[in-house]
Each structure stands twice: as C-alpha cells, then as structure tokens.
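User: Please take a close look at one strand position in this model and the salt bridges around it. Keep it brisk.

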Amino acid sequence: MEALTTTELAGLKLVTRGKVRDIYELPEQPDCLLFVATDRVSAFDVIMKNGIPSKGQLLTQLSQFWFDFLEDVVPNHVVTGDVSKMPASVRKHEDILRGRTLLVKKAKVLKCEAIVRGYLTGSAFSEYEKHGTVHGIKLPPGLQESSKLPKPLFTPSTKADVGEKDENIHPDRLPSLLPDPSWAPVLTQTAIDLYGKAAEHALKVGLILADTKFEFGLLSNSETAGKPILLLIDEALTPDSSRFWPAAEWSEGKRMTGIDKQYLREWLKSGGGGFGDSQSSQQEGVQIPGDIVDATWERYLEAFRKITGRDFTAK
C-alpha cells in the first residue's frame with residue numbers, strides 16, 4: 001500500500017499544509033474547514049521524505065475516539081468524520097478522503113502548544129539533569145528518568161510555522177501568545193483536566209500517558225452568541241502527539257520505549273538515514289527504510305487497539 005503524502009482536491013481551496021494535515025476551505029460552508037490527515041510523518045519538526053501508509057486514517061479515527069471521550073471536559077471543533085455527510089465538493093473525493101478527514105468548525109487557532117507532562121522524560125529530563133527545571137519550572141531534587149512528577153505539569157511551547165522550530169517556554173509567557181491574556185489560566189486548567197481524564201483511561205487499558213500535546217482555538221459566531229468559547233482542535237492524544245508507555249514495563253530510572261513515534265525519533269537520533277549530518281541550520285527529512293516504517297506502524301496499531309478496544313481497519 002502506498003502512503004498518501006500529499007493531496008490535491010479539485011474544487012477545494014488549500015489553506016495550508018501542516019506537518020501532517022492538509023487543510024481546505026469549502027465553498028458551501030465558509031464557517032468550516034476540511035482537515036485531511038495525510039500519511040506524512042515528522043520528527044523534531046522536520047517532515048520525512050516518505051510516509052507511513054494508513055497513518056492518517058489511524059490518527060483521524062483515534063482522535064475521533066478521544067474527541068468524543070473528552071467532550072465533557074471541553075467542546076471540540078469536529079462537525080463530522082463521515083464523508084457521506086459532508087458537502088458535495090468533498091463527497092466527490094470520497095475514495096481519497098474516507099477515514100482520514102474531519103469537517104470542523106473554523107476557529108481562531110491559539111499560537112501555542114499546550115503540553116502536559118505526567119512523567120519526566122525526553123527533553124524535559126535533559127533540562128532537569130542540567131538545571132533542575134522543566135521549561136524553567138523548578139522541580140524537587142532527586143527525580144530520575146521516567147519519574148512520575150508530583151502532579152501533572154503544564155509546559156507550553158510556541159507553535160511554529162512548518163519548517164520552523166517550536167520553542168519551549170515558561171508558563172508565565174503564555175499570556176503574551178494569546179489574543180486575550182485572560183485565556184491563559186482557562187487554557188492551562190483545561191489542558192491539565194484533559195490530561196487527567198485521558199491518563200486515567202490509558203492506565204485502565206495498561207498504558208501510561210507520559211506526556212501529550214493539545215492545541216486549542218477560540219470559536220466566536222452566532223452559535224456562541226458572539227462570546228468566544230475554547231475548543232479542542234487539530235488532533236488529540238495520538239502516537240504522533242503523545243508518549244504512551246506499557247504500564248507493566250515502567251520503572252523509575254529506566255528509559256522507556258513507548259508505543260508511539262519515539263521509536264522513529266530514536267532511530268533518527270542515532271543518525272538513521274543520515275539525519276543530523278546536514279551542516280545547514282535547516283535540517284532536511286530523510287528516507288525512512290521499510291523496516292523502520294513497519295516497526296513504527298506496529299506501535300501505532302498497538303496504541304490504537306489498546307486505547308479504543310477495537311481493531312483498526314483502513315477504509
């Protein structure tokens with residue numbers, strides 16, 4: 001099966017291509033957007049040369065599970081994931097879009113990434129080792145790699161454009177990224193509440209949610225009587241945006257191997273495909289060999305099956 005790494009949908013206006021998603025405007029519904037999850041894969045903010053077949057469908061269907069599961073915490077931007085219920089301009093592309101597409105409400109995207117960490121790992125652990133902090137937040141001494149944090153920690157970053165790097169920031173800088181600084185405490189608490197409910201579900205199915213990234217938007221229209229409301233947007237709690245660890249294998253001080261994109265990141269960090277060899281400040285993506293594609297996909301599949309309780313079927 002070939003990976004779908006780009007889309008060209010006649011009759012629809014392309015708004016932007018993200019690291020994974022192509023976003024279109026619809027002539028029939030100017031208040032909505034079409035989110036199409038391709039099979040592109042990125043790591044360290046760099047898009048790889050090849051994708052992972054069916055990955056976009058899995059991400060979309062897993063996100064739909066989480067959007068439904070978390071709707072009592074915060075509303076989300078999803079109108080429907082059923083192509084047959086979308087406008088005619090979309091339905092004519094059903095063979096391409098089935099299973100990987102969401103019709104969503106158009107919202108003002110907040111230019112930050114709401115990262116919540118429950119465990120100390122990755123770049124957060126590296127910073128802690130050097131400075132005793134995470135995103136500049138002082139943490140207790142004596143923590144180890146993979147330690148459970150005293151409480152879930154909100155650690156935002158900037159949301160960079162494609163090709164640029166996100167920047168980890170202290171939560172005190174969050175208000176400056178928002179159109180109204182008063183949204184900062186609301187966004188912070190909402191992200192922590194989302195993490196808490198998702199982590200509880202993950203643990204019930206044998207997984208630890210080590211950390212995750214949420215994105216939010218503000219919706220203000222006749223539906224909201226002109227009053228902005230916070231929406232969960234983009235994707236939710238996928239192996240692209242989260243670290244999931246097998247709970248039975250967790251041990252403080254142990255570097256965990258997750259069922260997520262970390263497997264691919266580790267291959268790249270080891271110099272896989274020549275990644276990191278570029279002398280340019282603009283790192284380029286590499287060709288991922290078939291065995292790494294397959295091994296990464298198996299981890300995505302395992303996460304999907306455990307979290308949703310059902311098998312994944314490409315549509």
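Analyst: Helices (H or I, at least four residues) and strands (E, at least two) are DSSP runs, numbered from the N terminus. On that basis A114 belongs to strand β9, which covers residues 112–119.

The model is predicted: local features need pLDDT of at least 70, side-chain atom pairs count only at pLDDT 80 or more, and totals for chains, interfaces and linings use all residues. Residues are numbered from 1 along each chain as its sequence is written, and side-chain values use heavy atoms, with hydrogens and water left out.

Start with burial. Buried means under 20% relative accessible area, exposed means over 50%, and partly exposed lies in between (1.4 Å probe, protein chains only). A114 counts as buried because its relative accessibility is 0%.

Next, the surroundings of A114. Contact means heavy atoms within 4.5 Å. Setting aside neighbours within four places in sequence, A114 touches F154, L187, A191, T212, K213, F214 and F216. G206 is another matter: A114 and G206 are 92 residues apart in sequence and 25 Å apart in space, C-alpha to C-alpha.

K213, one of the contacts of A114, also takes part in a salt bridge. A salt bridge is a side-chain nitrogen of Lys or Arg within 4 Å of a carboxyl oxygen of Asp or Glu. Side chains of opposite charge can pair when their charged atoms come close. The partner of K213 is E113, with 3.7 Å between the closest N and O atoms. This pair links distant parts of the chain: K213 sits in strand β14 (residues 207–219), E113 in strand β9, and 100 residues separate them.

Now the salt bridges elsewhere. The whole structure holds 19 of them. One joins the side chains of R17 and D22, at 2.7 Å from N to O. Here R17 is partly exposed, with a relative accessible area of 26%. D22 is buried, at 0%. Both residues belong to a salt-bridge network that links E8, R17, D22 and R40.

Another bridge pairs R173 with E167, the closest N and O atoms being 3.0 Å apart. R173 is partly exposed, with a relative accessible area of 39%. E167 is partly exposed too, at 38%.
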